[in-house]
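Colleague: Could you pick one part of this model and take me through it closely? I would like to know what each side chain there is doing in terms of position and pairing.

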Amino acid sequence: MRGAAVVHGRGRPQEEIVRAELTAEGYQVVRWSNEPATGYPPHAHIYPELMVVIAGDLTLVLPAAERLLALGPGDRAHVPQGVLHGTMAGPEGVTYLLATK
């Protein structure tokens, strides 16, 4: 996978179930929250990242691709190693699981 990809879910997932599934797949999982209209400037990691939105909305900013990806409850964003990305929480804030291997 060269760029980030989004898989749209079917509404608000049960956090405990998603966490258990990701852990069983070998991911290290942390719960992350951002206040409304806050986020992180563009950055990259030396590892791939998976974000699963539990509540609220999150915009994934991909400067190199000149793309904005909108994520809602149940949506997953896969960000490969080295891909420049940033985030911005929606007007109600966001809670998501951040998973890495």
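Modeller: What follows is a close look at one helix and its surroundings.

This is a predicted model, in which local features need pLDDT of at least 70 and side-chain atom pairs count only at pLDDT 80 or more, while totals for chains, interfaces and linings use all residues. Residues are numbered from 1 along each chain as its sequence is written, and side-chain values use heavy atoms, leaving out hydrogens and water. The mean pLDDT (the predictor's confidence in each residue, from 0 to 100) is 95 for the protein, and 98% of its residues reach 70 or more.

The part in question is helix α1, residues 15-24. Helices (H or I, at least four residues) and strands (E, at least two) are DSSP runs, numbered from the N terminus. Glu15, Val18 and Leu22 of α1 are buried. They lie on the same side of α1, because they cover an arc of only 70 degrees around the axis. That arc is taken from the directions from the helix axis to the C-beta atoms. On the other side, Glu16 and Ala24 are exposed. Here buried means under 20% relative accessible area, exposed over 50%, and partly exposed in between (1.4 Å probe, protein chains only). The buried residues of α1 pack against β2, β4 (49-62), β6 (76-79) and β7 (85-100), where contact means heavy atoms within 4.5 Å.

Now the charged side chains. A salt bridge is a side-chain nitrogen of Lys or Arg within 4 Å of a carboxyl oxygen of Asp or Glu, and three are counted by this rule. Glu15, buried at 14% relative accessible area, pairs with Arg19 at 4.0 Å, N to O. These two are four residues apart in α1, so about one helical turn separates them. Arg19 is partly exposed, at 29%.

Glu15 also forms a salt bridge with Arg31, with the closest N and O atoms 2.9 Å apart. This pair links distant parts of the chain, since Glu15 is in α1 and Arg31 in strand β2, 16 residues apart. Arg31 is partly exposed, with a relative accessible area of 48%.

Another salt bridge joins Glu21 and Arg76 (3.9 Å, N to O). Glu21 is in α1 and Arg76 in strand β6, so the pair ties together parts 55 residues apart in sequence. Both count as partly exposed: Glu21 at 39% and Arg76 at 21%.

Just after α1, Gly26 has a positive phi of about 95 degrees.
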